[in-house]
Amino acid sequence: MRVLQLTSPNSPLPSSLIRRLYIGQFLARWGARMWEFAVGLYMISLWPNSLLFAAVYGVVESASTALFGPIVGQLVDRLTYMQVLQLWLLTQNASFIVAGGTVMGLLVYPGLKSKNFIAFISLIIVTNISGAIGVLSTLAGTILIEREWVVVISNGYPPDILTKMNSVIRRIDLICKLFAPVVTGFIISFVSLKASALTLAVWNTVSVWLEFWFLISVYNGIAALKESNQRRMLRLSSSDPVNIPSSLSRETNNSIADNRSNSELREKNWRRKTLEWVSKVSGIDAWRIYLKQDVVLPGVALALLYFTVLSFGTLMTAVLEWKGIPAYVIGIGRGISATIGIAATLLYPILQYHISTLRTGLWSIWSQWSFLIVCVASLWVQKRNVSAYTLMGGVAASRLGLWMFDLSVIQQMQDHVPESDRCIVGGVQNSLQSYLDLMGYVTGIIVSDPQDFGKLVILSFSVVTLSAALYSLHTYRLRQHLFHFDKLFSPLIT
């Protein structure tokens, strides 16, 4: 295959390879979005009139990402691009195939809960673990494509190239978020839950080969990716104790040989190596790197938005189902929400060009906050259906601000985080987001009665308010102001 050299800013981006990158990303995200939408409906059908199973799944998924997210980031940073691709695609698709299969078993044998409770719980556990592994694999792909490849490919080009690529990548995800739930909702409503689980398993079985072919062709065709991969491997080998200079190695070996009987030295070395191992395995080093970044406050503000039930996630989907909203209507509502998100990816480059990345984030987060007031107001609507549709409308409208804010924070991280820390910071950011997501599901377990969902709505709105305040503080610290009031009112004066 012909390799394209992208180090010259005068050479155009290879459009055919960029399209393959986008197609591979689309195929991978579609399967993940199918599962994300359907799992809440599976869980509420297995244990009707309770959010318990849906919340427990959310806890398992979020806790896995929270605990292992930094480790995934470090793993992506230490493996070659080819190894990450293989690990990501094979593990993600295999996990969703297993999850679809176990759900099929639970749905085919609805009386299993009463006849063989141990087998029933065992299948639930396998479903939860498989889903969590699939999400961790998706995280590895997210870090590789969104935090690494996009930055490497756009390096040397004008800044608006990175902005456009970020917007397209996010738009692809939102298109999957638009159509995957709609398709899945129609399958559930007009065929069956079992058919949707079978569709999920078949999709992941077929798509994994196409995903790998598209993405590996991008890696083989773009020289900048191979150059970046080689730089990472050189950096890692130079910092690896195994690869220390030969003279120093001989000197160390002689010293150890001369002091072989010195138990204190051996004990000190053992403690040092143990501490290093614990630090790496637990992700402590990764968190230290993250907290040193200049963009830590925007990262925390973005992560806080995950502590919410005001999204078309597992808990809200389960509540809407409990309120009697048909699955296909929920899918359409989620699709409308994603359409508004797609509009955000089109609007973001325009705003970013005119008012900068930092201020686009400020306007976006407060825009989201304003639309979520509608969700709070829905709690006082007496009719159950009207209340549900008002809630859905407020959540859908708020996606305009949410996804522009997401793009703004991601681009600030891409611009201000050093290349050597990029994957690690991406892993910790996703881990932090999952910690907050986990807290949301824990509150769902504590407040598991759908009739008390309003308490979770109020709590979620309060957290969004805190997020907006933190980002406003970050903006003020950098700019010493929040708004250009002179520019806002100058047209009125003139």
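How many salt bridges does a search of the whole structure find? The search finds 10 salt bridges, a salt bridge being a side-chain nitrogen of Lys or Arg within 4 Å of a carboxyl oxygen of Asp or Glu. The structure is a predicted model, in which local features need pLDDT of at least 70 and side-chain atom pairs count only at pLDDT 80 or more, while totals for chains, interfaces and linings use all residues. Residues are numbered from 1 along each chain as its sequence is written, and side-chain values use heavy atoms, with hydrogens and water left out.

**Figure 1. The salt bridge between Arg29 and Asp173.** The side chains of Arg29 and Asp173 meet at 2.9 Å, N to O. Arg29 belongs to helix H1 and Asp173 to helix H6, so the pair ties together parts that are 144 residues apart in sequence. Helices (H or I, at least four residues) are DSSP runs, numbered from the N terminus. Both Arg29 and Asp173 are buried, where buried means under 20% relative accessible area, exposed over 50%, and partly exposed in between (1.4 Å probe, protein chains only). Asp173 counts as buried because its relative accessibility is 3%.

Figure 2. Arg170 is buried, as its relative accessible area is 7%. Lys164 is partly exposed at 48% relative accessible area, and Asp160 is partly exposed at 35%.

**Figure 3. A network of salt bridges.** The network links Arg29, Arg33, Glu36, Glu146, Arg170, Asp173, Arg334 and Asp406.

**Figure 4. The largest cavity.** A search of the whole structure finds 5 cavities of 30 Å³ or more. On a 1 Å grid over the protein atoms alone, a cavity is a set of points where a 1.4 Å probe fits but cannot get out, and lining residues have an atom within 4 Å of a point. The largest cavity holds about 1,200 Å³ of space, the volume being the space filled by probe spheres set on the points, which are joined across faces, edges and corners. Of its 46 lining residues, Arg33, Glu36, Glu61, Tyr306 and Asp437 are the closest to the centre. The helices that each supply at least two lining residues include H1 (15-46), H2 (52-78), H14 (327-377) and H16 (422-446). By class, the lining has 19 nonpolar, 14 polar and 13 charged residues; Ala, Val, Leu, Ile, Met, Phe, Trp, Tyr, Cys and Pro count as nonpolar, Asp, Glu, Lys and Arg as charged, and the others, Gly among them, as polar.

**Figure 5. A nonpolar patch on the surface.** Phe186, Phe190, Val191, Tyr328, Ile332 and Ile336 form the patch, with about 560 Å² of accessible area together (Shrake-Rupley method, 1.4 Å probe; for residues, only the protein chains shown count as cover). Patch residues have over 30% relative accessible area and no salt bridge; nonpolar side chains (Val, Leu, Ile, Met, Phe, Trp, Tyr) are joined within 5 Å, and like charges within 9 Å. H14 gives the largest share, 3 residues. Ile336, located in helix H14, is partly exposed, with a relative accessible area of 45%.

**Figure 6. Phe461 and Leu310.** The C-alpha atoms of Phe461 and Leu310 are separated by 8.0 Å, although the residues are 151 residues apart along the chain. Phe461 is in helix H17 (residues 453-479) and is buried at 16% relative accessible area.

Definitions and conventions: 1 Å grid on protein atoms, 1.4 Å probe; cavity = no way out; pocket = protein on both sides within 12 Å on 5 of 7 lines; lining within 4 Å.
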